[in-house]
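Student: I want to learn how to read ligand shells and helices in a model. Where do we begin?

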Amino acid sequence: MTLMENIANGSIEPILKGRGLVKRYGKVTALDHCDFDLYPGEILAVIGDNGAGKSSLIKAVSGAVVPDEGDVFLEGKPVHFTSPIDARKEGIETVYQTLAMSPALSIADNMFMGREIRKPGFRGKWLRQLDRPKMEQIARDKLSELGLMTIQNINQAVETLSGGQRQGVAVARAAAFGSKVIILDEPTAALGVKESRRVLELILDVRSRGIPIILISHNMPHVFEVADRIHVHRLGKRLCVIDPKDYTMSDAVAFMTGAKEAPN
Amino acid sequence: MTLMENIANGSIEPILKGRGLVKRYGKVTALDHCDFDLYPGEILAVIGDNGAGKSSLIKAVSGAVVPDEGDVFLEGKPVHFTSPIDARKEGIETVYQTLAMSPALSIADNMFMGREIRKPGFRGKWLRQLDRPKMEQIARDKLSELGLMTIQNINQAVETLSGGQRQGVAVARAAAFGSKVIILDEPTAALGVKESRRVLELILDVRSRGIPIILISHNMPHVFEVADRIHVHRLGKRLCVIDPKDYTMSDAVAFMTGAKEAPN
Amino acid sequence: DGHAVTACLITKTDTNPFFVKMREGAEAAAAEAGITLRSFAGQVDGDHETQVAAIETCILDGASGILLTASDTSSIVGAVTQARDAGLLVIALDTPLNPIDAADATFATDNFLAGELIGQWAAATLGDDAANAKIAMLDLAVSQPTVGVLRDQGFLQGFGIDLGDPNKWGDETDPRIVGNDVTAGNEEGGRTAMENLLAVDPEINVVYTINEPAAAGAYEALRSIGRENDVLIVSVDGGCPGVQNIADGVIGATSQQYPLRMAALGIEAIAAFAEDGTLPENTPGKDFFDTGVALVTDQPVDGVESISVAEGTELCWG
Amino acid sequence: MSGNADDYEAAIKPSAADEVASFSERKGFLARLQHALHVNPALVPLFVLVVSICLFALLLGSRFLSPFALTLILQQVQIVGIVAAAQSLVILTAGIDLSVGAIAVLSSVIMGQFTFRYGVPVEIAVALGLAFGTVVGSINGWLVAVMKLPPFIVTLGMWQIVLAANFLYSANETIRAQDIEENAPLLQFLGTTFKVGADADGRGGATFTFGVIAMVVIFAFLAYALKHTAWGRHIYAVGDDPDAAQLSGVNVKRTLISVYAVTGFICAIAGWALIGRIGSVSPTSGQLLNIESITAVVIGGISLFGGRGSIMGPLFGALIVGVFTLGLRLAGADAQWTFLLIGALIIGAVAVDQWIRKVSA
Amino acid sequence: MSGNADDYEAAIKPSAADEVASFSERKGFLARLQHALHVNPALVPLFVLVVSICLFALLLGSRFLSPFALTLILQQVQIVGIVAAAQSLVILTAGIDLSVGAIAVLSSVIMGQFTFRYGVPVEIAVALGLAFGTVVGSINGWLVAVMKLPPFIVTLGMWQIVLAANFLYSANETIRAQDIEENAPLLQFLGTTFKVGADADGRGGATFTFGVIAMVVIFAFLAYALKHTAWGRHIYAVGDDPDAAQLSGVNVKRTLISVYAVTGFICAIAGWALIGRIGSVSPTSGQLLNIESITAVVIGGISLFGGRGSIMGPLFGALIVGVFTLGLRLAGADAQWTFLLIGALIIGAVAVDQWIRKVSA
Ligand SMILES: Nc1ncnc2c1ncn2[C@@H]1O[C@H](COP(=O)(O)OP(=O)(O)OP(=O)(O)O)[C@@H](O)[C@H]1O
Ligand SMILES: Nc1ncnc2c1ncn2[C@@H]1O[C@H](COP(=O)(O)OP(=O)(O)OP(=O)(O)O)[C@@H](O)[C@H]1O
Ligand SMILES: O[C@@H]1[C@@H](O)[C@H](O)OC[C@H]1O
Ligand SMILES: [Mg+2]
Ligand SMILES: [Mg+2]
C-alpha cells in the first residue's frame with residue numbers, strides 16, 4: 001500500500017500534527033486555523049506564495065513561536081513547546097529560513113550550541129569543561145557526510161564561510177541531531193546548483209534512515225523530485241495536500257496561486 | 001548579425017567594461033584579475049558557484065567597493081566610482097543581493113533615497129521641503145507597472161512587506177531610475193514562483209526599452225530563458241562567456257563547477 | 001631632579017575656584033622657596049580613590065611633604081599613614097582628617113564655625129521675625145560630604161535651630177525649615193534648588209547656601225519672581241566674586257576663608273621640614289592651626305563680629 | 001522559452017487579484033488603548049506625560065496644577081530639553097554623544113571670556129561660541145564617520161578633552177551675572193522672561209523665557225527637517241542600516257558629520273541658554289547633561305539602536321522627568337528619595353513604553 | 001527523477017576537489033605587524049600596553065620602570081579591573097551596566113554596616129554583601145531578559161536607585177579604618193600586602209595585594225568559563241545575535257539573567273576589595289566606576305555591539321589607563337592635563353585598534 005492509501009484508510013498515525021493553529025502578528029494573521037500532518041518516514045514538502053505563512057507554520061510546530069490558538073501533537077500526544085529547546089529535546093530539529101547561527105563562533109560551537117558535550121569525569125562534572133576534541137571530531141564527521149570536506153578548519157568562524165557553506169553547516173546540524181523530525185525552511189534558496197544538489201541528496205539520505213522531513217521550497221523541480229506528499233499553503237491555511245505522482249508542477253503552481261480550484 | 005558576431009568582429013563597444021579587477025578581503029581574494037564586458041541592449045547573465053566572486057564583481061563595477069587593482073570603463077571612458085552614488089549619477093542602478101533598503105522607512109522614501117524630489121519654488125529651494133505627493137505618485141506608478149498593485153499604502157514601512165514585495169520594490173527602483181545599466185544580484189532568490197515570474201517579465205521589459213541588464217542568478221532555467229550572453233565566473237575570474245543558444249544548461253553547469261574544460 | 005625639594009598639593013577637585021586659588025597660593029609660595037610643586041585633584045567631590053592614587057604617586061616621586069584637602073576624611077587615613085611612614089610630612093588643608101592627628105598638622109577653616117557665623121547673623125538681622133522665618137537650605141550633594149554637613153549644621157546652630165544628628169543634614173524637625181535641596185555647588189543647581197523650594201513655599205525669606213555660586217543661582221530664581229529684595233541669602237567662602245556679590249546686594253553675608261594663606265603656610269611648613277625636620281605647631285587651645293574665618297557684610301549686627309565688604313575685598317581668597 | 005525550461009510557471013493565474021490575509025478585532029479597554037498607542041507609538045511619551053501630570057494634580061491639587069508651577073517645569077527642563085533635541089539626532093543615527101554637556105559649557109565660557117577677557121563685541125563672541133560648538137561636533141562626526149570609531153568612545157574621549165580644556169581655559173572663573181547684565185546683556189538674552197496672567201506685583205502666573213521658546217522652536221525645526229527634508233530621511237536611513245543606506249545612494253559620511261555638527265551647534269545654543277538661565281557664565285555647570293539628555297531621549301521612545309522614533313518624544317521625555325522631579329519635591333520627598341524615585345521612574349516609563357509596543361499584543 | 005525536472009544538475013563534476021581562492025602576500029614592516037595583530041586581535045591591547053610602558057620608561061627612566069612603580073599600577077587599577085571583568089560579561093551580551101559602581105559601594109557598605117551596626121559576624125556580613133550584589137544584578141538581568149527593557153535604561157535607573165539607597169542607608173557614615181582593623185579585619189582581607197624584593201626596611205620592591213591577586217584570578221576564571229564552558233559559548237552567542245541563539249537552542253533569558261547576576265556578584269567582590277584598598281568603608285567611593293570600567297572594556301577591544309572580543313583585553317585596557325595616569329602624573333602633568341590626555345588616549349587607543357582590525361588592509 002502506498003503512503004497516501006495508508007493515510008486515507010487511517011492505518012497510520014501522523015508523527016507530528018497541528019490542528020486549528022492561529023498566529024497573529026499585530027494586524028496580520030499569518031496562520032489562520034491551519035491544520036498540518038507529517039507521517040512517519042515521509043518527505044513532506046510545503047509550498048506556497050511569499051507570505052503565505054509557511055515559515056510561521058513551522059515555527060509554530062517547532063516551538064519558535066507559541067501559537068495564539070490551536071494544538072500541536074507529537075506521536076499523538078499534545079505538546080506545548082514554548083521554545084525551540086523544548087522541541088529539540090523531543091527530537092525535532094529545524095533549519096530556520098534565517099539560519100540561526102552565531103557568526104562570530106566556530107562551526108563546531110554552532111553545531112553543538114545548546115547541547116554541548118562535557119569532558120567525562122571531574123573536569124566535566126565539576127569544572128564543566130567542554131570536550132572540544134570530541135565535538136570537533138563529530139562535527140568534522142557530519143560535514144564530511146555532507147560532502148563539505150572543503151571546510152578546512154572546524155574552528156573557523158561561521159561568518160568566514162560562504163552562504164552555501166553556512167547552509168551546509170545548518171543542514172548538517174539538523175541531520176546530525178534530529179531523531180524524530182527534521183524541518184528545513186528553504187534550505188537551498190541562496191545556494192548554487194552544486195550546493196543545492198548536495199542538500200537534496202542529504203535529504204534523501206535522512207529519509208532512508210527513517211526520519212521524516214518537512215521541506216519548504218519555492219523550487220518546484222526539487223519539490224517534485226524528492227517529496228512524498230505536498231502540502232499546499234495559501235493565505236495562512238492548508239489549501240490541500242497532493243501526491244506529486246498524481247499532479248503536475250503546473251497543477252501545484254495553479255493551486256498555490258489560486259489560479260485553479262484545489263482538489264478535495 | 002547577432003550580438004555575438006558583432007562583438008567578435010569588434011563592431012560594437014561595451015557600454016560597461018572591467019579590466020584586471022582585483023579585490024581582496026583579508027586573505028581571501030574575491031576578484032583575481034577579472035575582466036568583464038557588458039554590451040548595449042543585452043541581458044548579460046553572470047553565473048558561478050557560491051563564493052565565486054559574482055557579487056564582488058558587480059560591487060566593484062557599481063562603486064559599492066573600490067577595487068584594489070584594475071580599471072572600469074563606462075562607454076569607453078575610465079571611471080573611478082568610490083561610492084554607489086557616483087555610479088548612480090552615471091545612470092547605473094544596482095539591486096544588491098542584500099537589497100539595501102531601510103526597513104523603518106516607507107516604500108516611497110526608499111525608492112527616492114538619495115534622489116529626493118523637492119517642492120518647486122521657495123519651499124523646495126529654501127525650505128528644502130520634499131514633494132511627497134509627487135514622489136508617492138511616481139512610486140505608485142512604478143509599482144503598478146511591476147504588477148505590485150497589492151501594495152495598499154505607499155507610505156507603509158518596508159519592514160512590513162513580505163520578502164517578495166521587498167524584492168519587487170528594489171527592482172522597481174532600479175528599473176525606474178537606471179538610464180544606462182541595470183544590475184540585479186540574485187533578484188529572485190527569495191521569491192515564490194509567481195513573484196519570480198514577474199521579475200523576469202520586468203527584466204525583458206527593461207531590455208525592450210534598450211537598457212542593458214546584468215543578471216546574477218543560480219536559477220539556470222531563468223538564466224537560459226532571458227540571457228543574451230552568459231558570463232561564467234569561477235574562482236574570482238571570468239572563465240568564459242557563452243551564448244545560451246550554443247550551449248545547454250548542463251554545459252554551463254559543467255563549466256562553472258569545473259567539471260568540463262571551458263571553451264575558447 | 002634629586003637635589004630639589006618636591007611638595008605635593010592634593011585637592012578635592014580642581015573645578016572649584018576655591019581650590020584653584022589654593023593652588024595659585026601654593027605655586028607662588030613654592031616658587032619663592034625654590035620648591036618643585038606637583039598638584040593633583042580628584043575628578044568630583046568625594047573622589048577619594050584618585051586622592052589615594054595621588055598620595056602613592058607622591059611617595060613614589062620622593063616628595064618631602066603633601067598638602068591635602070581630603071574628599072573623605074576617614075578613608076584617606078590609610079594612605080596618609082603610608083605616606084608618613086615613608087617619611088613625608090602630611091598637612092591637611094581646609095578639611096581636618098578623622099582623626100585629626102592622622103595628619104602631622106592641619107591648617108584649616110573651621111567650617112562649622114563658618115556656618116555658625118552666618119546663622120547668627122541671619123537670626124540677628126531678622127530679629128523677632130526669626131521665630132517665624134521660612135528657611136531654604138541649599139546643600140551640596142545627596143552624598144552629604146563633610147564640608148556641606150558642617151556648614152549646614154553650623155548655620156542651623158547659629159540660627160538657633162535644634163540639630164538632631166549633627167552628622168547629617170535633613171533630619172531636623174523645626175517647622176521653620178521649608179526644605180533641603182542639593183545644588184552641586186554651582187549656579188545651575190542653586191537656581192533649580194531654589195525654584196523647587198519656592199514651589200513648596202513661595203514665602204521663603206532666609207536662604208542658606210553651601211557656597212557663593214549656589215547663592216548666585218538662588219538669587220536668579222528669586223529675581224525671576226521678583227522676590228530678590230525681600231529674602232536674606234547667606235553663604236560661605238568669601239571669594240572675590242562672592243564679596244562683590246555682597247556689595248551688589250546678591251548675598252547678605254558670607255563667611256570668608258583664606259585658601260591662599262593655607263597653601264602658603266603649608267608650603268612654608270614643608271620647606272622647614274625638609275630643611276631640618278621642624279614640625280608645624282597648632283593654634284593655642286585648638287588641635288589644628290586655624291587660618292581664620294571672618295564674616296563679611298555691610299550690615300553688621302550686634303554680637304557677631306564682622307568685617308566690611310571693603311576689607312573683605314582686600315582679603316578675598318586670602 | 002529557450003532550453004529545457006519548464007512551463008509550470010505558466011500556470012500562474014494571469015489576472016489574480018491578490019488577496020490579503022484577513023483582519024480580526026480584539027476587545028477590552030486596556031487592549032484597545034494599548035492598540036491605539038501601538039499604532040501611533042510617538043504618542044506614548046505624551047500619554048505618559050499627561051498621566052503623570054494628572055497623577056500629581058490629583059495628589060497635590062493647585063500647588064502643582066498652577067500656571068506658575070507648570071511653566072516652572074518648562075524653565076527647569078529647557079537646557080536638558082535643548083540638549084536632548086541634539087542628542088536625539090545622534091541617537092537616531094545609532095550613535096550616542098557623551099560630550100554634549102561639555103560642549104555646551106565650554107561654548108558658554110567662550111562667549112563669556114571672549115567678551116570679557118578679550119573685549120570682543122558680544123555679538124561676535126556669541127557667534128564664536130556657536131561656531132566652536134559646531135567645530136567640536138564636526139570633529140566628533142569626522143572621527144565617527146571617516147575614522148569609523150565607535151561614537152561612545154569618540155564622545156567619551158571628547159567629553160574629557162573638552163571638559164579639561166574648559167577648566168584650563170576658564171581658570172575656573174565665574175563671570176558674575178551683575179557684570180554681564182551691565183556690559184553684555186546679549187549673553188543673557190535667552191533668559192529674558194515674559195509673564196502671562198501674573199498679578200499686579202508680577203508674581204505667579206505663567207512665566208516663559210526665550211530659552212523655553214528656543215527649545216520649542218528647535219524641536220519644531222528638527223521635526224520639520226526630519227520629516228520633510230532629504231537630510232532628515234537620510235538620518236533615519238543611516239541609523240536604520242548604514243550599509244543599506246550607503247548602497248542605496250545616501251552619502252553616509254556627510255550625513256553623519258552633519259548630524260554631529262548640528263548637534264554641537266545646538267549644544268552651543270544650550271550653552272547660551274544656560275547663561276540666560278543662571279545669569280552668570282560658570283564653567284562648572286552642565287556636568288550631568290549627557291546622562292540627563294540620554295535619559296530624556298530614551299524615555300521619549302527613541303531606540304538606542306537608531307533609526308526609530310519621533311523627535312517630539314524626547315521633549316515629552318524631558319518634561320516627564322521635570323514633572324516627576326518637581327512633583328516629588330512638592331509631595332515632600334527629600335532630595336535623596338527624589339533621586340531614588342526618579343531612578344524607578346526611568347525604568348517604569350520605559351516599561352510602559354515596551355508594554356505598549358509589544359507587537360503581538 | 002519525477003516530473004519534468006531537468007537533468008542539468010547532473011553535470012556537476014562528481015568528485016570535484018573544490019579549489020579555494022588563492023592567497024597573496026603583502027610586504028612592509030608596518031603592514032606585516034598590522035597583519036600579525038589582525039590575525040590575533042586579542043593581542044592588540046597587550047601591544048598598546050607594552051608600547052605605552054616602553055614610552056614612559058624612556059621618558060621617566062627608573063622612576064617609572066621600578067618594580068615598586070609597576071606594581072603600584074596594579075594596585076591602583078585593581079578595583080577598576082575587577083569591575084571591568086564584570087562589565088565585560090555584560091558588554092559581551094550587547095548590554096551595558098551603569099550600576100556597577102553603585103552595586104560595589106553599597107555592597108561594601110552592607111558588609112561594614114552589618115558588622116558594625118547590627119553586630120553580625122563579619123564572615124556572614126561579607127557573605128550578605130556578596131549576596132546583595134548578586135541579587136541586584138539578578139534584578140537587572142530579569143528586567144533586561146524577561147521585561148525586555150534596554151540595558152542602558154535598566155542599569156541607569158538601578159544606578160540611581162542603588163546610589164540613593166546607599167546614601168540613605170549608610171547615613172553617609174564612613175566606618176574608620178582603625179575600627180575595622182581592630183574589630184573586623186576580614187573586611188580588609190583583600191588589602192593584605194606582601195612584598196617581593198623589598199629592602200631591609202620593607203621599602204621599594206614589588207608590592208602585591210590580595211586584591212590584585214583577586215583581580216587576576218577573576219580574569220583567569222572568566223577566561224576559562226568563556227572559552228571552556230557551555231555558559232561562556234552561550235554568552236557570545238547571545239551577544240552576537242539573540243534571536244539566532246534562541247532558535248539554535250540557547251536559553252537566552254537564563255543566560256542573560258545569569259550574566260547580570262554574576263556581574264553583580266563580581267561587583268560586590270570589588271566592593272570588598274575597595275575596603276581593603278582604602279581601609280575604611282566609605283559610601284562616597286566608586287562614583288566613576290561605571291565610566292572607567294566601560295573605558296577599560298572598550299580600550300580592551302570588546303565591541304559595544306556584543307559577541308566579539310577576548311576577556312583578557314579589558315585587563316590590559318585597565319592597565320593601559322593606569323600606566324598613562326601614573327606616567328602622566330610622574331611626568332608632572334597636572335590633573336586637568338592628565339584628564340585631557342587620557343581623553344585623547346582613549347580615542348587614540350581605539351583608533352589604533354581600528355586600524356589594526358581593518359579587514360581589507
Ligand atoms: N515577526 C513578524 N512580525 C510581523 N509580521 C510577521 C512576522 N513574521 C511573519 N510576519 C508576517 O506573517 C506573514 C507570513 O509570513 P511567513 O514568513 O510565515 O511567510 P512565508 O510563507 O514563510 O513566506 P516566504 O516564502 O517569503 O518565506 C507575512 O505577511 C509576514 O509579513
Ligand atoms: N565583506 C567581506 N568581507 C570578507 N570577505 C568577503 C566579503 N565579501 C565577500 N567576501 C568573500 O569573498 C568571496 C566572494 O564573495 P561573493 O559574495 O562575491 O561571492 P558570490 O559569487 O556573490 O557568492 P553567492 O553566490 O553566494 O552570492 C567569498 O569567499 C566571500 O566570503
Ligand atoms: O571649602 C571648600 C568650599 O569653599 C568649596 O565650595 O567646596 C569644597 C570646600 O572644601
Ligand atoms: Mg518563509
Ligand atoms: Mg553573491
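Tutor: Begin with a cut-off. A residue is buried when its relative accessible area is under 20%, and exposed when that value is over 50%. Keep in mind that this is a predicted model.

Student: Which residues of α8(A) are buried?

Tutor: The buried ones are Val193(A), Lys194(A), Glu195(A), Ser196(A), Arg197(A), Val199(A), Leu200(A), Leu202(A), Ile203(A) and Val206(A).

Student: How do I check the geometry of helix α8 of chain A, and what span is expected at 1.5 Å a residue?

Tutor: Compare the end-to-end reach with the expected span. Helix α8 of chain A covers residues 193–208, 16 residues in total. From first C-alpha to last, α8 reaches 23 Å, close to the expected 22 Å.

Student: What comes just after α8(A)?

Tutor: Look at the backbone angles there. Gly210(A) takes a positive phi of about 90°.

Student: Now the ligands. Which residues come nearest to ligand 1?

Tutor: A shell gathers the residues with a heavy atom within 4 Å. Around ligand 1 there are 14 residues, and Gly51(A), Gly53(A), Lys54(A), Ser55(A) and Ser56(A) come nearest.

Student: What is 2.7 Å from an oxygen atom of ligand 1?

Tutor: Look for pairs of N or O atoms. An N or O atom in the side chain of Ser55(A) sits at that distance, 2.7 Å. The backbone takes part too: a polar backbone atom of Gly53(A) is 2.8 Å from a ligand 1 oxygen, and one of Ala52(A) is 3.2 Å from a ligand 1 oxygen.

Student: How much of the accessible area of ligand 1 does the protein cover?

Tutor: Start from the ligand on its own. That gives 640 Å² for ligand 1, and the protein covers 71% of it. Two elements of chain A, β2 (28–38) and α2 (54–62), each give two or more residues to this shell. α2(A) gives the most, with three residues.

Student: How does the shell around ligand 1 divide by class?

Tutor: Count four nonpolar, seven polar and three charged residues.

Student: Let's turn to ligand 2. Which side chains have an N or O atom by an oxygen atom of ligand 2?

Tutor: Asn50(B) places a side-chain N or O atom 2.9 Å from a ligand 2 oxygen. Lys54(B) has a polar side-chain atom 2.7 Å from an oxygen of ligand 2. Taken alone, ligand 2 exposes 630 Å², and the protein buries 71% of that.

Student: Which element gives the largest share of the shell around ligand 2?

Tutor: That is α2(B), with three residues.

How values were computed: Residues numbered from 1 in each chain as written. Chains lettered and ligands numbered in written order. Predicted model: local features only at pLDDT ≥ 70, side-chain atom pairs only at ≥ 80, totals over all residues. Heavy atoms only, no water. Polar contact = N/O pair within 3.5 Å; in protein donor to acceptor, adjacent residues only side chain to side chain. Areas by Shrake-Rupley, 256 points an atom, 1.4 Å probe, with all protein chains shown as cover. Helix = DSSP H or I, 4+ residues; strand = E, 2+ residues; numbered from the N terminus. Nonpolar A, V, L, I, M, F, W, Y, C, P; charged D, E, K, R; others polar. Expected span 1.5 Å × (residues − 1). Buried < 20%, exposed > 50% of the residue type's maximum accessible area, 1.4 Å probe, protein only.
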